[in-house]
Amino acid sequence: MMLSALLLRKSEYQQLQAILAKTQKDLGADLVILIDRAGHEIASEGQGLTLDHTALASLAAANLAATQELARLVGETEFSIIYHQGRHRSIHISDVARKYSLVLIFEDSVSMGMVRWKVKRAATLLEEILQESRERKPTREPGVSAAPSFTDAEIDRLMRHLSPIADVEGKV
Amino acid sequence: MTFINYVAHEINCKIVYYGPGLGGKTTNLKYVYGITSPENRGKMISLATETERTLFFDFLPIDLGQIRGYSTRFHLYTVPGQVFYDASRKLILRGVDGVVFVADSQEERMDANFESLSNLEQNLKEHGFDLYKIPYVLQLNKRDLPNILPADKLQKMLRIKGEPVFEAVATQGIGVLEALKAVTRQVLVALRKTA
Ligand SMILES: Nc1nc2c(ncn2[C@@H]2O[C@H](COP(=O)(O)OP(=O)(O)O)[C@@H](O)[C@H]2O)c(=O)[nH]1
């Protein structure tokens, strides 16, 4: 399962970022965030809104997963968008390549047709980049770093962070 | 799915606490939350019923600090333990990197432990994961209660592949960090194999 680790090149990351930036700007969205199915943020764009990206990513991933499972229950296979319209803000969550999701937060003045159109376009572009990166074998290509191979000593050192606060502060 | 961001130098992993209902999964997360300094943890989210039973999941993101210049983010999830929430439970295993199985040491919960273990194996399989290959630790919880089975007996019954086993009293934080460290270590070691 580790083989599914997503290995992005710097140039690809910048391309993803550019697509998000364009989508954000075109829609005047508060926030555009690309997440994976495990609920991790991959990239985001939009400074207007300070909110907890980690919580948002986790809930959005779970929400989409639940919605897709509901769809399957009723025999729908293509049911890949969630749209919550709030009084001031709306949330739009859509599927990208069945492995990622694009989450948008925008004010209710934005037209839904426009949102759908821009999101579809962005999803297609994002999919191309993510697809290419997934198909790549980690170590075969120059310019692509392999997953880091940590030594036992490095892992031990990291594990020391995981101790009761009192132990750390109390100079054990 | 481990997400390694080479640009931002971040490693993101997902750890799921699995096990029978009321075994102490949420208690594990609460303890970790309690001992982590605020700058190293995010908000803990609990999607629970009115009676505080986990309905969908509990979620706690923690930062473990740096390893060779990478920040490490671990996302901890619990699943709802009750049998009838199986559909939700399955969803939480999406993209999992490691599992802590929280077993209830009480004799009368043995059937529930087995049922949950078997359910874990099945649900992992549906996501294309193999219980015998995934980073995994076994926690024998509630060691403080009177009606428990001896640890060696429990271990014989519940241990599946030589995984690390920890006796725990999650309410007192005993065996909680040990289990988390052990699974985290396995996840980081497993990354080597992709290298
Ligand atoms: N005596 C004792 N009670 C525990 C222990 N761990 C959890 N509990 C209690 O068991 C109940 C269920 O725990 P919870 O974490 O909600 O279980 P979950 O359903 O697996 O998430 C709660 O009342 C906890 O306080 C333990 O190690 N010893």
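Visitor: Where is A:V74 found?
Guide: In this predicted model, A:V74 sits in the loop between helix 2 (53-73) and strand 4 (81-85) of chain A.

Visitor: Why is A:V74 called exposed?
Guide: Exposed means over 50% relative accessible area. A:V74 has 64% relative accessibility, so A:V74 counts as exposed.

Visitor: Which residues form a nonpolar patch on the surface?
Guide: A:V74 forms the patch with A:L70 and A:L73, and together they have about 360 Å² of accessible area.

Visitor: Where is A:A123, and why is A:A123 called buried or exposed?
Guide: A:A123 lies in helix 3 (residues 112-135) of chain A. Buried means under 20% relative accessible area. The value for A:A123 is 13%, so A:A123 counts as buried.

Visitor: What makes up the lining of the largest cavity?
Guide: Residues of chains A and B line it, including A:R37, A:S58, B:K14 and B:F57. Helix 2 of chain A and helix 2 (86-92) of chain B are the elements that give two or more residues to this lining. Helix 2 of chain A gives the most, with 4 residues. By class, the lining has 8 nonpolar, 1 polar and 3 charged residues.

Notes
Residues numbered from 1 in each chain as written. Chains lettered and ligands numbered in written order. Predicted model: local features only at pLDDT ≥ 70, side-chain atom pairs only at ≥ 80, totals over all residues. Heavy atoms only, no water. Patch = residues over 30% accessible without salt bridge, like charges linked within 9 Å, V, L, I, M, F, W, Y side chains within 5 Å. Areas by Shrake-Rupley, 256 points an atom, 1.4 Å probe, with all protein chains shown as cover. Salt bridge = Lys/Arg side-chain N within 4 Å of Asp/Glu carboxyl O. Buried < 20%, exposed > 50% of the residue type's maximum accessible area, 1.4 Å probe, protein only. 1 Å grid on protein atoms, 1.4 Å probe; cavity = no way out; pocket = protein on both sides within 12 Å on 5 of 7 lines; lining within 4 Å. Nonpolar A, V, L, I, M, F, W, Y, C, P; charged D, E, K, R; others polar.
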